[in-house]
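This report describes the secondary structure, the strand pairing and the surroundings of several residues. Please read it alongside the sequence and the coordinates.

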Amino acid sequence: MFTRAITLSLLFAQSLVWANSDNTDMPWKLAKSEDGIRIHIREHQGGLVEIRAQMFAPTTYQAFLVLLEDSENLPNWLDKVSSSKVLKQISPNENIVYTQFSAPWPARDRDMVTYSKYQVGNGAFKLEIKDAADQYPEQKGYVRIKSVQADWTLEKLTNGLTHIDYTAYADPGGFLPDWLANQLSVSSAFNTFEALKAQLPQYQNRQHPNINE
């Protein structure tokens, strides 16, 4: 069943990494470029990295948002996500969302609670995601992801394509070796964007009541 959830509270399960605001001037380094998808990383204190994923795709803002809100379809394209649900709708474009992730051995499964808000302005679609861990109790069997901060930005170009730009960082919680977190951040982001590119064509005829473009 189609549900309206800003599920990109959706951070890629294993691309969630710790970051420090003092490191925002650190340069981005290209980690992978394949099939029109570019993944960059930026180093931070503690040995972990921040992730940035970019690509061009022929999509409307409405189609992109409808895809993000299709909770039942999430496991088909968002890497490692097992489920997601809206805990509270604050306004038509604001939600509190709970998301669960399946983690590879030896890591434990993760979950997170996030506040999401989207808007269209100056020709661009923006979705901001922030931590809201205090809005839902910790669940047995899951390590709570905290200090979440992520941003999606979509900008239409004159050639019919849309530039999709995603950045994210967070505290994955528990014990996760730096080398494993960094390795998974790149592969998970790439897998998600590759699947996103495949899913978007199915939504191009869909409209969203809150988006005018």
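## Basis and overall layout

Helices (H or I, at least four residues) and strands (E, at least two) are taken here as DSSP runs, numbered from the N terminus. The model is a predicted one, in which local features need pLDDT of at least 70 and side-chain atom pairs count only at pLDDT 80 or more, whereas totals for chains, interfaces and linings use all residues. Residues are numbered from 1 along each chain as its sequence is written, and side-chain values use heavy atoms, with hydrogens and water left out.

The chain contains 2 helices and 10 strands, and their order from the N terminus is β-β-β-α-β-β-β-β-β-β-β-α. Of its 213 residues, 53% are buried, where buried stands for under 20% relative accessible area, exposed for over 50%, and partly exposed for what lies in between (1.4 Å probe, protein chains only). The chain exposes about 10000 Å², of which carbon and sulfur atoms supply 47%; accessible areas come from the Shrake-Rupley method with a 1.4 Å probe, and for residues only the protein chains shown count as cover. With contact defined as heavy atoms within 4.5 Å, 62% of the contacts between residues at least 6 apart in sequence join residues at least 24 apart.

## Pairing around β3

Two strands are said to pair if DSSP finds at least two bridges between them. Strand β3 (residues 49-57) is mostly covered, with 7 of its 9 residues buried. Strand β2 (residues 37-43) pairs with β3 in the antiparallel sense over 6 bridges, and Ile39 has Ala53 in β3 as its bridge partner. Strand β10 (residues 162-171) also runs antiparallel to β3, to which it is joined by 7 bridges; here Ala57 stands opposite Thr162 of β10.

## Pairing around β6

Strand β6 is joined to β5 by 8 bridges in an antiparallel arrangement, in which Ile96 stands opposite Tyr115 of β6. β6 also pairs with β7 in the antiparallel sense over 8 bridges, with Gln119 opposite Lys126 of β7. The pairing of β6 with strand β8 (residues 143-144) is, by contrast, parallel and comprises 2 bridges, and the bridge partner of Arg110 in β8 is Val143.

β6 and β7 form a hairpin with 2 residues between them. Asn122 lies in the loop between β6 (110-121) and β7 (124-131), and has a positive phi of about 55° although it is not a glycine. Asn122 counts as exposed because its relative accessible area is 86%. Ser147, which belongs to strand β9 (residues 146-156), likewise has a positive phi of about 55° without being a glycine, but at 45% relative accessibility Ser147 counts as partly exposed.

Glu94 is found in strand β5 (residues 94-101).

The side chain of Glu94 does make a polar contact with the side chain of Tyr115, at 2.3 Å. A polar contact is a pair of N or O atoms within 3.5 Å; within protein, one must be able to donate a hydrogen and the other to accept it, and residues adjacent in sequence count only if both atoms are side-chain atoms. Not counting residues up to four places away in sequence, Glu94 touches Lys88, Gln89, Tyr115, Ser116 and Lys117.

Lys80 is placed in the loop between α1 (61-69) and β4 (81-91), and counts as partly exposed because its relative accessibility is 30%. The side chain of Lys80 makes a polar contact with the side chain of Asp79 (3.2 Å). Although Lys80 and Phe101 are 21 residues apart along the chain, their C-alpha atoms are separated by 5.4 Å.

Ile211 lies in the segment after α2 (178-199) and counts as buried because its relative accessible area is 4%. The C-alpha atoms of Ile211 and Gln62, 149 residues apart along the chain, are separated by 6.1 Å. Leaving aside neighbours within four places in sequence, Ile211 is in contact with Tyr61, Gln62, Leu65, Tyr118, Val120 and Phe125.
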